[in-house]
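Here is a short briefing on one protein model. Look over the sequence and the fold, then read on.

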Amino acid sequence: MYAKILLCFDGSREGRLALREGARLAQVTGAGVILLAVVETGAGNALAQGADSGALAHQQADFKEILDEGRQRLSAMGLAPEVRMEFGDPVAKITSVATETGADLVVVGHHQQGIWTRWMSRSVAAGLGDSLKCSLLLAQKVVEDSELFRNG
């Protein structure tokens, strides 16, 4: 069914749900796992970086901790993920990594947005839906520990 699953992880509650659901799919299908965090460096972030020259370095350190957490969680589930950190626009970077690695499924967490936010900005999920050439899972299911730590 799936040979490679790209798990996008940001350390949020939604990201943790996505990690668990994607990990369970990898366990069931025997798929390889790529764990990805994207440090956004878009125009909105550039202003903050100009005000604090260490902002990007601080953000990078935060995401390294997030990736370490994700790697540890996946390893505890019997998976051996390839771990990557990318910088830039999340949609572009996720699409690029999915293409480069030959992922057949991308798993992202679903962040609830109000109607105003949806109207003002395009969601990452919508952008990925338009740009990916593989399947996309917006993970929202709560996967219990009993499901993760069993065979098959």
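A polar contact is a pair of N or O atoms within 3.5 Å; within protein, one must be able to donate a hydrogen and the other to accept it. The model is predicted. The side chains of glutamate 86 and arginine 84 make such a contact, at 2.9 Å.

- Five strands form an open sheet: 5 strands in the order 3-2-1-4-5, with parallel pairing.
- Strand 3 and strand 5 (135-139) are the edge strands, and each pairs on one side only.
- From one strand to the next, the twist averages 25°.
- Strand 2 (residues 32-39) pairs with strand 3 in the parallel sense, over 6 bridges.
- Leucine 36 has arginine 84, in strand 3, as its bridge partner.

**Helices on the sheet**
- Helix 1 packs on the sheet and touches strand 1 (4-8), strand 2, strand 4 (105-109) and strand 5.
- The direction of helix 1 makes about 170° with that of strand 1.
- Helix 4 (residues 90-101) also packs on the sheet, where it touches strand 1, strand 2, strand 3 and strand 4.
- The direction of helix 4 makes about 155° with that of strand 2.

**Glutamate 86**
- Glutamate 86 sits in strand 3 (residues 82-87).
- Is glutamate 86 buried or exposed? Its relative accessibility is 18%, so glutamate 86 counts as buried; the cut-off for buried is under 20%.
- Leaving aside residues up to four places away in sequence, glutamate 86 touches Leu36, Ala37, Val38, Val39, Lys93 and Val97.

**Helix 1**
- Helix 1 (residues 13-29) has 17 residues.
- From first C-alpha to last, helix 1 reaches 25 Å, close to the 24 Å expected at 1.5 Å a residue.
- Which residues of helix 1 are buried? They are Gly15, Leu17, Ala18, Leu19, Arg20, Glu21, Gly22, Ala23, Arg24, Ala26 and Gln27.
- An α-helix has 3.6 residues a turn, so residues three or four places apart point the same way.

**Lysine 64**
- Lysine 64 lies in helix 3 (residues 55-76).
- Lysine 64 counts as partly exposed because its relative accessibility is 48%.
- Lysine 64 and valine 83 are 19 residues apart in sequence. Their C-alpha atoms are 9.9 Å apart in space.

How values were computed: Residues are numbered from 1 along each chain as its sequence is written. This is a predicted model: local features need pLDDT of at least 70, side-chain atom pairs count only at pLDDT 80 or more; totals for chains, interfaces and linings use all residues. Side-chain values use heavy atoms; hydrogens and water are left out. Helices (H or I, at least four residues) and strands (E, at least two) are DSSP runs, numbered from the N terminus. Buried means under 20% relative accessible area, exposed over 50%, partly exposed in between (1.4 Å probe, protein chains only). Contact means heavy atoms within 4.5 Å. The expected span of a helix is 1.5 Å times one less than its number of residues. Two strands pair if DSSP finds at least two bridges between them. Axes are lines fitted to C-alpha atoms, for helices over the stretch in contact, and angles run from 0 to 180 degrees between N-to-C directions.
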